[in-house]
Amino acid sequence: LLLLDEPVSGLDPMATAELYGLIGELNREGMTILMISHDVNTALRYASHILHIGGANFFGTKQDYMRSGGARRYLRRKEGGGK
């Protein structure tokens, strides 16, 4: 089990890509990764499950998260689409 709290905070784009590559490799080898991130788009790219706390709380697969009303509202707000 590897616990990470904002692991790419302050890293440049190349270092970020390298770290996510390493994290993905560890996960494919069987290691469970629990990562805290405020970057929902990146979490949706790499994670198998999402825990979203705030507003409408959610825990489940990223596919189920994307179908949830809370995810649509949150992502729309982050993209500047209003409330």
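The following conversation is about one predicted protein model.

Visitor: What should I know before I look at the model?
Guide: The model is predicted, so local features need pLDDT of at least 70, side-chain atom pairs count only at pLDDT 80 or more, and totals for chains, interfaces and linings use all residues. Residues are numbered from 1 along each chain as its sequence is written, and side-chain values use heavy atoms, with hydrogens and water left out.

Visitor: What is the mean pLDDT of the protein?
Guide: The mean pLDDT is 87, and 92% of the residues reach 70 or more. The term pLDDT stands for the predictor's confidence in each residue, from 0 to 100.

Visitor: Where is confidence lowest, and where is it highest?
Guide: Confidence is lowest in helix H4, residues 69-78, with a mean of 71. Strand S1, residues 2-5, has the highest, at 96.

Visitor: How many helices and strands are there?
Guide: The protein has four helices and four strands. Both are DSSP runs numbered from the N terminus: helices are H or I with at least four residues, and strands are E with at least two. Read from the N terminus, the order is β-α-β-α-β-β-α-α.

Visitor: In which sense do S1 and S2 pair?
Guide: S1 and strand S2 (residues 33-36) pair in the parallel sense, over four bridges. Two strands count as paired if DSSP finds at least two bridges between them. Leu-3 stands opposite Leu-34 in S2. Between S1 and S2 the chain passes through helix H1 (residues 13-28), and this β-α-β crossover is right-handed. That word applies if, with the strands pointing away from the viewer, the path from the first strand over the helix to the second runs clockwise.

Visitor: And in which sense do S3 and S4 pair?
Guide: S3 and strand S4 (residues 58-61) pair in the antiparallel sense, again over four bridges. Leu-51 has Phe-59 in S4 as its bridge partner. Five residues lie between the strands of this hairpin, where Gly-54 takes a positive phi near 125°.

Visitor: New topic: what is the volume of the largest pocket?
Guide: Its volume is about 960 Å³. On a 1 Å grid over the protein atoms alone, a pocket is an open set of points where a 1.4 Å probe fits, with protein on both sides within 12 Å along at least five of seven lines; lining residues have an atom within 4 Å of a point. Grid points are joined across faces, edges and corners, and the volume is the space filled by probe spheres set on them.

Visitor: Which residues lie nearest its centre?
Guide: Of the 28 lining residues, Met-35, Ala-43, Ala-47, His-49 and Ile-50 lie nearest the centre of the largest pocket. H1 gives the most to this lining, with five residues.

Visitor: What about the second largest pocket?
Guide: The second largest pocket has a volume of about 150 Å³. It is lined by 13 residues, and Gly-54, Ala-56, Gly-70, Ala-71 and Arg-73 are the closest to its centre. Here H4 gives the most, with five residues.

Visitor: Last one: where does Thr-32 lie?
Guide: Thr-32 lies in the loop between H1 and S2. Neighbours within four places in sequence aside, Thr-32 is in contact (heavy atoms within 4.5 Å) with Leu-1, Leu-2 and Asn-27.
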